[in-house]
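Please open the model in a viewer and follow the stops below in order. Each stop gives a selection and describes what is found there.

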Amino acid sequence: MVGVLALQGDFAAHEAALVRAGANTRLVRNADELGDVGGLVIPGGESTTMLKLLHYGGMMDALRRFSETKPIFGTCAGAILLAEKVCNPSQESLGAMAISVERNAYGRQNESRICSLVPEEEFIRRTGAEKVEAVFIRAPVIRKVGQGGRVLVAYNGDPVLVEQGMHLAATFHPELTDDVSVQRLFLGKL
Amino acid sequence: MFHLNGEEFRLKVGLAEMLKGGVIMDVTNVEQAKIAEAAGAVAVMALERVPSDIRKEGGVARMANIKVIEDIMKTVSIPVMAKARIGHFTEARILEALDVDYIDESEVLTPADEENHIDKIVFKTPFVCGARNLGEALRRIGEGAAMIRTKGEAGSGNVVEAVRHMRAIVRDMKRLTTVGKEELYHEAKQLQAPLELVEWVAEHGALPVPNFSAGGIATPADAALVMQLGAQAVFVGSGIFKSSDPQARAVAIVQAAKNFDDPAKLLEASRSLGDAMPGLDVSKLPESELLSTRGW
């Protein structure tokens, strides 16, 4: 069973994509519900809002503990929450992955874009997908990938899909496309 | 339909998807924008006057002073929206050039065109539009709106119109899923809406874009009510900064939008809030003072 953090954002789109990829899903809205799932997706949305709601609901510590033993896949705002360091502006994060992330790094909504990207060999080998349709919406940029991190997809030299151990972070939104190869890759980690 | 699957439209709807479950707050200056962001707003609507003041002061309400919008854009890291008058595509072009994240073609401002809404398909910046019923929502989507919100009755502090509009939209969508395919031509005629969009709704039982609520939401309970009726996020205009303790109310409404179906958490969010904004009995307002009847 894979959970989708449903505090705010496009969690419904994530759940639908996971179902298309063949997963059993449940929405996670509090710390207790984290106990029922073997992995978690943190969706896109506003990272500042999600942080507030995590604090209001007393979920921050529970999520940190969860990340020590179970896989998490974060997209966009989710990737920001997984990072070790966040800038523009700096804000708190879970620190589950050794990546540094700059928020809204491409600019505002008018700079949002859809790109067809050729993934790294490793991604193709594991998923069979030879291209990835990447939907970037007010997207962050991963400025640094620390030890143990592996770049699976890049755009203009910047990492946009990064794996570190059991965790996965994407600055784009695979849940807003028909292709579920990124979701399959994550489900393989559960 | 013609533009629903295009890349630009997917990006416009994509940002609206990211705002789901959240609260978009009207702000008139940098201090209010900071309070909204700190409370957990998913976006702010930059304005010169909130709707209840527009209602009180009268006169022509136009696009906000650029400096006000710009200062707010520089201050917060969340998306910033701004309003253009109905049909005023030049105001909208200016807001697009300013690089705001969303444009609200809004009945709260004085309409600039009594027949035509803005052709929103040709813009790169996405639009949200108000609607009182399904036909109006689909006409706006046909023109390129990537997000729909109920009109409600802005600045009234009275949720009754937002409820009426959300119920009407949801009821008509459900009904469309039950009628025969051959009846959809007649439905499109009745709704005065593009046939392709009527067919889309009949197949999916939902709008092809996110469906939010606005107009008269003043308390955490109001926000939770419209979410339960089917709104996927809420806009709060005068309700926060016309209350006695905006900071506490902003936090409470953010929590209510997330916990809309959890009465214990709603009770918690509703404690120690101070006074809500004063409300108006919408049924006693003269027709000429209604904002929701602007646009068609």
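Which side chain meets Glu143(B) in a salt bridge? Select Glu143(B) in this predicted model: the partner is Arg140(B), with N and O 2.8 Å apart. Glu143(B) has a relative accessible area of 17%, which is under the 20% limit, and therefore counts as buried. Arg140(B) is buried as well, with a relative accessible area of 0%.

**Further pairs in chain B**

Next, select Lys83(B) and Asp104(B), whose closest N and O atoms lie 2.8 Å apart in a salt bridge. Because Lys83(B) belongs to strand S3 (residues 80-85) and Asp104(B) to strand S4 (residues 102-106), the pair ties together parts of chain B that are 21 residues apart in sequence. Lys83(B) and Asp104(B) are both buried.

Move on to Arg49(B) and Glu57(B), another salt bridge, with an N to O distance of 2.9 Å. Are these two side chains buried or exposed? Arg49(B) counts as partly exposed, at 22% relative accessibility, whereas Glu57(B), at 52%, counts as exposed.

**Chain B as a whole**

The C-alpha trace of chain B extends about 55 × 45 × 40 Å along its principal axes. Of its 296 residues, 62% count as buried. Chain B has an accessible surface of about 11,300 Å², and carbon and sulfur atoms contribute 51% of that surface.

**Chain A**

Turn to chain A and select Glu122(A), Arg125(A), Arg126(A), Arg150(A), Glu163(A) and Lys189(A), which are linked in a network of salt bridges. Over all chains, a search of the whole structure finds 39 salt bridges.

Colour chain A by secondary structure to view its 7 helices and 12 strands. A compact globule of 190 residues would have a radius of gyration near 16 Å, and the 15 Å of chain A agrees with this. Its C-alpha trace spans about 40 × 35 × 30 Å along the principal axes, and buried residues make up 62% of the chain. Of the contacts in chain A between residues at least 6 apart in sequence, 63% join residues at least 24 apart.

Finally, colour chain A by charge: the mean positions of its 20 positive and 22 negative charges are 3 Å apart.

Key:
Residues numbered from 1 in each chain as written. Chains lettered and ligands numbered in written order. Predicted model: local features only at pLDDT ≥ 70, side-chain atom pairs only at ≥ 80, totals over all residues. Heavy atoms only, no water. Helix = DSSP H or I, 4+ residues; strand = E, 2+ residues; numbered from the N terminus. Rg over C-alpha atoms; globule rule 2.2 N^0.38 Å. Buried < 20%, exposed > 50% of the residue type's maximum accessible area, 1.4 Å probe, protein only. Contact = heavy atoms within 4.5 Å. Lys, Arg positive; Asp, Glu negative; His and termini not counted. Charge placed at Lys NZ, Arg CZ, Asp CG, Glu CD. Areas by Shrake-Rupley, 256 points an atom, 1.4 Å probe, with all protein chains shown as cover. Salt bridge = Lys/Arg side-chain N within 4 Å of Asp/Glu carboxyl O.
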